[in-house]
Amino acid sequence: MNESENSALPPARGPRAFIKRHRVALIVLAVAVVLLVIIVRIVQHRPKAAAAGPGLGRGGQNGPVAVSVATVTRGDIQVRIPALGTVTTLANVTVRTQISGTLQKILYTEGQLVREGEVIAQIDPRPYEAALQTMQGNLRRDHALLADARLDLKRYEGLVKEDSIAAQTLDTQRALVDQYAGTIQSDEGQVKTAQVNLLYTRIVSPVTGRVGIRQVDQGNYVTPGDTNGIVVVNQLQPISVLFFIPEDHVLSLMKKVRQGAPMQVEAYDRANAVKLADGKLSTVDNEIDATTGTVKLRALFDNVDGSLFPNQFVNISLLQDLLQNQLIMPNSAVRRGAPNGVVSTFVYLVNGGHTVSVRPVTLGVIDGERVAVASGLAAGDVVVTEGGDRLRDGAPVQLPAATAGAPAAGSPAAGSPAAGSPAAASSDDARPKGARPPGAHRRARANSPQ
């Protein structure tokens with residue numbers, strides 16, 4: 001076949017040529033198919049959303065909001081003063097030697113609890129034993145000299161009466177007797193000094209407490225001038241906490257102190273979450289710090305379990321007073337804002353029919369997670385504690401299961417039989433056999449597949 005015959009053939013009609021000529025049409029068709037699938041899915045899911053009920057829980061915009069509630073009750077509430085404190089020991093003693101010598105023994109273990117008067121270290125006593133022996137020898141010698149001088153004095157007194165010696169000799173002998181008496185007194189003082197020095201070779205703990213890390217090792221030569229001493233002993237039982245409160249509380253605090261009533265103090269950890277110990281107020285300082293406007297207080301703790309440690313930072317709660325028969329509700333129920341155009345403190349009060357209304361309240365003393373209500377509520381009122389951010393005046397609410405079966409006082413449903421009660425069972429038995437309960441056909445239609 002020649003070239004003229006090839007040029008007369010029709011052009012190729014393969015798939016590539018077809019796609020190239022109809023590319024725009026294919027794109028439009030694909031977009032249409034995708035839109036159709038989306039529409040079908042929306043139509044399929046719409047009845048299910050409607051069957052779930054209008055706005056239950058997280059549903060429609062005007063549906064009830066799931067909330068947590070609490071009941072206003074009457075009870076006692078504590079007036080507490082919070083403060084920041086530092087644990088301090090009642091006795092912090094640096095044990096130093098009173099004499100110079102070689103540290104012969106260390107009789108304690110670092111961190112050990114020692115009692116007052118317990119021996120914790122030993123200095124070589126031999127030099128001081130020898131010094132004591134020398135002083136005792138001098139004392140015996142001078143006693144002998146005094147005894148001889150007194151015999152001579154007695155003899156001279158007889159000779160003077162016989163006019164055998166001069167009176168001056170008698171006077172001289174009397175002075176010699178007094179001299180030896182004074183020497184004996186000095187010797188006795190030196191003996192006591194040597195005895196005390198020998199006693200100081202046994203170093204004892206001056207207080208009952210916990211020893212720290214030793215400052216000197218066995219075998220070293222120690223002197224009274226050593227700055228760090230031998231060891232530090234801290235008294236831990238009892239232990240105190242120093243803290244500061246604002247001067248605004250001084251008048252009411254001093255009134256309680258003058259009455260002689262013990263004031264309880266609680267110590268909490270740094271996070272103010274775990275209570276470490278219970279104690280009592282010990283003393284109030286005699287002046288207010290003008291630079292900070294605070295007054296210093298000291299509280300004592302038995303610290304039997306050792307939960308308080310020297311120089312530890314703690315949170316303090318001072319019980320100032322106890323208010324009885326107060327209206328109390330959770331602090332989480334309190335809202336602050338301007339729901340009615342006026343800035344106030346309010347709560348959402350649950351009404352009969354599971355709706356809420358804005359109720360302005362006046363608050364009293366706050367005690368941790370509880371707060372006293374001065375006015376605005378009554379005992380038995382139910383208030384919203386969680387979920388109030390999505391509420392408004394008159395909004396419907398969905399109560400928890402435990403609360404839904406027990407509506408607030410005055411609710412129309414208060415007299416209706418609860419589910420599972422004998423009254424409810426009797427009403428179910430009164431229906432004809434095989435009949436559905438009211439509303440069952442609506443639930444079945446809503447849950448049926450579309």
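Tutor: V114 stands opposite G209 in strand 9. Strand 9 (residues 209–211) pairs with strand 6 in the antiparallel sense, over two bridges. Strands here are DSSP E runs of at least two residues, helices are H or I runs of at least four, and both are numbered from the N terminus; two strands pair if DSSP finds at least two bridges between them.

Keep in mind that this is a predicted model, with local features needing pLDDT of at least 70 and side-chain atom pairs pLDDT 80 or more, while totals for chains, interfaces and linings use all residues. Numbering runs from 1 along each chain as its sequence is written, and side-chain values use heavy atoms, without hydrogens or water.

Back to our pair: it belongs to an open, antiparallel sheet of four strands, in the order 4-11-9-6. At its edges sit strand 4 (92–95) and strand 6 (113–114), each pairing on one side only.

Now hop over to strand 16, where you'll find S317. S317 counts as buried because its relative accessible area is 11%, and buried means under 20% (over 50% is exposed, in between is partly exposed, using a 1.4 Å probe and protein chains only). The side chains of S317 and R80 are joined by a polar contact of 3.1 Å. That term means N or O atoms within 3.5 Å; within protein, one must be able to donate a hydrogen and the other to accept it, and sequence neighbours count only if both atoms are side-chain atoms. Leaving aside residues up to four places away in sequence, S317 touches R80, I81, Q264, V265, E266 and Y268, where a contact means heavy atoms within 4.5 Å.

Strand 16 (313–330) also supplies at least two residues to the largest nonpolar core, as do strand 3 (73–88) and helix 6 (250–259), among others. A nonpolar core is a set of buried Ala, Val, Leu, Ile, Met, Phe, Trp, Tyr and Cys residues joined through side-chain atoms within 4.5 Å.

Last stop: the buried residues of helix 4, including Y128, L132 and L139, pack against helix 5 (167–200). Just after helix 4, D163 takes a positive phi of about 60 degrees.
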